[in-house]
Amino acid sequence: MSTLTLRDRYLAMVRMRRFEEACLAGVADREIHGEVHLGIGQEAIAAGLLGYLTDEDALVSTHRNHLHALAKGVPMYPLMAEIFEKRTGLCGGFGGHMHIFDLPRRFSTTGIVGSTLPVALGHAYAARLSGRASVAVGVTGDGGANAGGFHESLNIAGSLRLPLVVLIENNEWAISVPFEESTATATLAERAVSYRAWGKRVDGLDVLAVASAFGEAVDYARSGLGPAVLEATCYRFRGHYEGDPDMYRPAGDRDARRRDRDPLLITRESVVVEGGADPVSLAQEEQAIADEVDTVLAAVRRDLMPDGMQARDHVFTRGTAR
Amino acid sequence: MSIASEAAVRNVNVSQCVAEAINLEMDRDASVVMLGEDIGRSGGVFGTTRGLQRQFGPDRVRDTPISEMAFTGMAVGLAMEGYRPIVEIMFVDFIGVCLEQVYNAAAKIPYMTGGAVKMPIVFKTAGGCIGSAAQHSQCLWGLFAHLPGMRIVVPSSPYDYKGMMAAAIDSDDPVVFIEHKGLLLRKAGSFAHGREVPRERYLAALDRAAVLRPGSDVTLVTLSLTVGESLAAAAVLADEGISVEVIDLRSVVPLDFDTICASVAKTGRLLVVDEDYLGFGLSGEIVTGAVERVGTSAVRHVLRHGVPDVPVPAALSLEQQIVPRQASIERAVRKLASRS
């Protein structure tokens, strides 16, 4: 079990929210010139992962990956620089926001929905081959859970008892298609039985509930019993991507949920009311986090884009394609 | 062929050459692992992995379920962990169910990371016509070659099957290694070229074409099984007074335009023989690339002989009408050579 407190997790959520807001500023100013998918409203899930994984463990994330990167310990500066397509980014500006790779921390992403779990399965198989007691976390959404790789990967993990943890962020919407309309079962966690896997559904707005369940899932997989499926329910606060007109969801419901069910506000209230935190010192810590993110944003904004003459580099390790 | 070199030809088939190469690489490098269907217990449906599981165990030679999307993605994860996976896609035609991890992940991750992450993966797969009709007869090297980030190699001789497989495993880049089903079970002694296969480990270059027969009238560029067919055709045509220079491409990506253009500059006539589909593919790429490099005044005549853009039919009478083989290659050369 992790030793992190509720306050620790709350402050991590604040850092995640401020990070996403910095990215929003980059979209508004057209510094990020591609599409961007933000995880605002889903911070309690990422913050629930904290404390259970080391650099030996892998995490493979999706197109909506910033919060998972931060949870895996990817440093904020090169992460934001990559999202802003700068030469100081993790991938030198060749990857962009959907293609974040931090090899020493075993963190990677893919922009193709449904393609995370096969890659995570490879990390889990590496644990088997090398005899390490590490786990591999593959993240998917409720939409990606309907792609074939979900079944193929979990079936292999179940049959070989590989340490694969499947984290499903069920935010109810696969772009414009609602969960109930696209999924045969009432939950995704109940699919676990098909793969001889551990399975649980948890409230993804409740950071402590996520942390507790994720700890169980990781322990189960790490102990060699096989894969685990953790479904965390949440709500996508913004459009699928920044700029999505988002006319397909009932606006009244969306506005009410963003107002009344914001995990950041829910968790802050718990920290103050149940945790007895001093509001003044908490506000100071929140401000310090905001300052940290602002400092990184300002520095990233000053950085250069990669040299255009490098556009043909890196296709092969040696020689050229033509 | 001298008596001394005849003695050096071993009684092995091409599949055994491939298995030998993989065996030697797995033996010297513990990071080499294999994933695929029927590669372990059965040794591969064409025998290219025979004996490997018995020698290296079921973890390093993993018989997978019929889950290509998962096990191609596994190779990507394994590569990020420092392994050198070999993935077998039993028939190249099956790539449709798992191209995603091949072209969006393995092929692009080195570029998308600015060179920070290598993907030393070999995708080995069998193509080519042997009478198996539309869904088990394709070559598809042009399909892979269109997508950036993969080396595409297509050996034609026993020597290259072994040496290029070793080099593919040794490469830090993703390599698609396309075998021809019509060659895999042939004995080394039945080949006209590259029939001597050393027992020990060796690497054959992945990115160079080879001039197998010098000639002065026509440059014939081809690959895989049609290399042998073209050599046989060239021998017949020599008796008719037509001198054909036969180039074995060996590599589709990258294409060795130095070798192609040196020949075309000499002959002025370029024929591409390709068992893959004609449209939007390798033959058009070679002709265009050669013309761009040596100019229209040097390339006086070009011709493409490939599979017209139809699926491969079942009946032999139909298949013979569309798949390039010795007789049709001879006809194509005569047609090109007659142009002044």
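Predicted model: local features only at pLDDT ≥ 70, side-chain atom pairs only at ≥ 80, totals over all residues.
Let us begin with the overall layout. Chain B is split into domain 1, covering 9-190, and domain 2, covering 210-337. Taken over C-alpha atoms, the centres of these two domains of chain B lie 26 Å apart. Where they touch, domain 1 of chain B contributes 26 residues and domain 2 of chain B contributes 22 residues.

How much area is buried between domain 1 of chain B and domain 2 of chain B? The value is about 1900 Å², and carbon and sulfur atoms give 57% of it. On the polar side, the interface between the two domains of chain B holds 15 residue pairs in polar contact, both residues being at pLDDT 80 or more. One salt bridge is counted between these domains.

Five strands make up an open sheet with mixed pairing, and their order is β7-β9-β8-β11-β12 (chain B). Which strands stand at the edges? They are β7 (210-213) and β12 (301-307) of chain B; each has a single partner strand, so one side of each is left without a neighbour in the sheet. From one strand to the next, the twist averages 25°.

Further in, you can follow one pairing closely. Strand β8 (residues 218-222) and strand β9 (residues 244-248) of chain B run in the parallel sense, paired over five bridges. For Val218(B), the bridge partner in β9(B) is Val244(B). Helix α12 (residues 282-294) of chain B touches β8, β11 (269-277) and β12 of chain B, and its direction makes about 155° with that of β11(B). Helix α14 (residues 326-337) of chain B touches β8, β9, β11 and β12 of chain B; the direction of α14(B) makes about 165° with that of β12(B).

Finally, step back to see both chains. Their contact takes 40 residues from chain B and 39 residues from chain A. The area buried between chain B and chain A is about 3400 Å², with 63% given by carbon and sulfur atoms. Which three residues supply more of the area that chain B buries against chain A than any other three? They are Glu81(B), Tyr111(B) and Met112(B), which supply 20% of that area.

Glu81(B) also forms a salt bridge with Arg132(A), the closest N and O atoms being 2.8 Å apart. Two salt bridges are found across the interface of chain B and chain A, along with 15 residue pairs in polar contact, both residues at pLDDT 80 or more. On the side of chain B that touches chain A, β1 (32-36), α3 (52-60), α4 (68-80), α5 (99-106) and α6 (109-112) of chain B each supply at least two residues. The largest share of that side, nine residues, belongs to α4(B).

Methods: Residues numbered from 1 in each chain as written. Chains lettered and ligands numbered in written order. Heavy atoms only, no water. Pairing = 2+ DSSP bridges. Helix = DSSP H or I, 4+ residues; strand = E, 2+ residues; numbered from the N terminus. Axes fitted to C-alpha atoms, helices over the stretch in contact; angles between N-to-C directions. Contact = heavy atoms within 4.5 Å. Domains from an automatic or database assignment. Buried area = accessible area lost by both parts, 1.4 Å probe. Salt bridge = Lys/Arg side-chain N within 4 Å of Asp/Glu carboxyl O. Polar contact = N/O pair within 3.5 Å; in protein donor to acceptor, adjacent residues only side chain to side chain.
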